[in-house]
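Okay, thanks for coming, everyone.

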Amino acid sequence: TQEITDRIDQHLHSYLEVAHSIDSINLEAYRMGDLLLSDAQNNPQRLMRRFWQQGLQSKGIGTIALATRDGYFVGANRAENYVALSNPSTGKSLRRYAGYSIDPSEQPLLEKPNYDPRQRSWYQTAVRVGKPTWTEISRSATSQRLDLSAVYPIYTNGQLQGTFLVDVSLAQIEKFLKALKIDHRGEASILELDGKLVPSSMLQLSAAQTQIQQQDVLQNGDPTLIHAVGMELQSRWRSLSQVTQPQAFQLEWQGETQFVQVKPFRDRFGLNWLIVVVVPKSDFMAEIRANTKVTIVLCLVALSV
């Protein structure tokens, strides 16, 4: 289980670093004069092409965007094949168009009225923190998905000019966790320190579900394994924020002993999560017995030789 938590830790670091790297590249391009904030108003297609190309080169990245202090928004999402903008010409509506350019004669794929990027939580987080950071996980303005965004506020002579935004796909993290081979019934999960579950292999969403939200494992609900793990963590350390070092323990769930491995995950941009891997004792012991049999057979072969 420790090996699995280490693999998850390494994957998260390498995957999540990409979003902040894109923000840094765009900020440097702005400082060098290769990216103009005025293009959000005068030439949004130029920004869209740039963001589209960056999306092509970065698997698992969602929307890459710029929001200015005047309320202009330009973005591109290569993974979902659309561009988006909001400005006075759209009546301050957020519009999505297929592909990477805008045809004024074409009907938008989607339109959200009364959109002001400066009122969005990600923009306000960038302004409040004043440096590159992660936002809280929140629902997309126009999609049934949850976003985690890397934001980078833009300052010139101490004056805020806007912010760069890069969304990362939580679905990609979920896909990685589900692909892990953790014995037969082992499961992996990621928790925020308030008990909310980052989409994981333990979270099953109904196809008919109309509202996507994070599950809080510390609240009373269905008697799931991750709920039992969360309550055990809270009872042992009073608060999930107190788990600052890797931990291993056992708990009983539905009459079966579970081995639990917990590892804190932090990065330099403020993420603070807990990686949790759970393996039933019976599965774990079965693997040990299988390995023991193989060792015995090899010893007998060596002895006979």
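So, the side chains of K263 and D6 are joined by a polar contact of 2.7 Å. By polar contact I mean a pair of N or O atoms within 3.5 Å; within protein, one must be able to donate a hydrogen and the other to accept it, and residues adjacent in sequence count only if both atoms are side-chain atoms. Quick caveat: this is a predicted model, where local features need pLDDT of at least 70, side-chain atom pairs count only at pLDDT 80 or more, and totals for chains, interfaces and linings use all residues. Residues are numbered from 1 along each chain as its sequence is written, and side-chain values use heavy atoms, with hydrogens and water left out.

Back to K263, which sits in strand 13, residues 256–266. Helices (H or I, at least four residues) and strands (E, at least two) are DSSP runs, numbered from the N terminus. Is K263 buried or exposed? Buried, because its relative accessible area is 17%, and buried means under 20%, with exposed over 50% and partly exposed in between (1.4 Å probe, protein chains only). Leaving aside neighbours within four places in sequence, K263 is in contact (heavy atoms within 4.5 Å) with residues including T5, D9 and W273.

Now helix 4, residues 121–129: its buried residues are W122, Y123, T125 and A126. They fall within an arc of 160° seen down the axis, so they line one face of the helix; that arc is of the directions from the helix axis to the C-beta atoms. They pack against strands 1, 2, 6, 8 and 9. After helix 4 comes G130, with a positive phi near 75°.
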